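Trainee: I have a chain open on my screen and would like to talk it through. Could you walk me through it step by step?

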Amino acid sequence: IRDAMTEALAGYAGQVRMDRELRVHIVSPTLPPINLVDLPGTIEHPTELRESTHALVDQYMSEHSTDSMFLVTHRADSSLNSSGVMQHIIDHNAADRSIGVLTFCDKLDEGGEDCTLLRGWVHNTPDTPD
């Protein structure tokens, strides 16, 4: 996979590519079939890239509207309300078919409320939210 990605991106250092996609097919006789779509992040500026990345997320969500799970990454140190991809998840009624992965958890304020909530979820302590 790494070699295929390196070859596909050769000559495009530092540029945003939205005209290529990588599909990995894994088949197992012991697992049910499922499509896992790793949604790309959205870019907010410049306007041209904003429109292109949002259109790409909409395209993926429309093409896989009923038969897929969606994977979304989000920085733990920023608001979910600021996530363009999360808005698409809501707009497409796909929250129950989405998996969120928090990244940069080490950037949270050690004594802050977000860090405390995250510890509760991870460790399954009694202060875990409903």
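Mentor: Let's start with a pairing: β1 and β2 (residues 68-75) run parallel and are joined by four bridges. Keep in mind that this is a predicted model.

Trainee: What pattern does the chain follow along the sequence?

Mentor: Count the elements to begin with: the chain has four helices and three strands. Read along the sequence, they give the pattern α-β-α-β-α-β-α.

Trainee: Among contacts between residues at least 6 apart in sequence, what share joins residues at least 24 apart?

Mentor: Here a contact means heavy atoms within 4.5 Å. With pairs at least 6 apart in sequence as the basis, the share that joins residues at least 24 apart is 60%.

Trainee: How many of the 130 residues count as buried, as a percentage?

Mentor: The cut-off matters here: buried means under 20% relative accessible area. The chain exposes about 9900 Å², with carbon and sulfur atoms supplying 54% of that area. By that cut-off, the buried part of the 130 residues is 22%.

Trainee: Is V24 exposed, partly exposed or buried?

Mentor: First place V24: it sits in the loop between α1 (2-9) and β1. Together with I1, M5 and I26, V24 forms a nonpolar surface patch with about 450 Å² of accessible area. Exposed means over 50% and buried under 20%. The relative accessible area of V24 is 47%, so V24 counts as partly exposed.

Trainee: What is the phi of N93, and where does N93 lie?

Mentor: Most residues other than glycine have a negative phi. N93 is not glycine, yet its phi is positive, near 50°. At 63% relative accessibility, N93 counts as exposed. As for its place, N93 lies in the loop between α3 (84-91) and β3.

Technical notes
Residues are numbered from 1 along each chain as its sequence is written. This is a predicted model: local features need pLDDT of at least 70, side-chain atom pairs count only at pLDDT 80 or more; totals for chains, interfaces and linings use all residues. Side-chain values use heavy atoms; hydrogens and water are left out. Two strands pair if DSSP finds at least two bridges between them. Helices (H or I, at least four residues) and strands (E, at least two) are DSSP runs, numbered from the N terminus. Buried means under 20% relative accessible area, exposed over 50%, partly exposed in between (1.4 Å probe, protein chains only). Accessible areas come from the Shrake-Rupley method with a 1.4 Å probe; for residues, only the protein chains shown count as cover. Patches are made of residues with over 30% relative accessible area and no salt bridge: like charges are joined within 9 Å, nonpolar side chains (Val, Leu, Ile, Met, Phe, Trp, Tyr) within 5 Å. A salt bridge is a side-chain nitrogen of Lys or Arg within 4 Å of a carboxyl oxygen of Asp or Glu.
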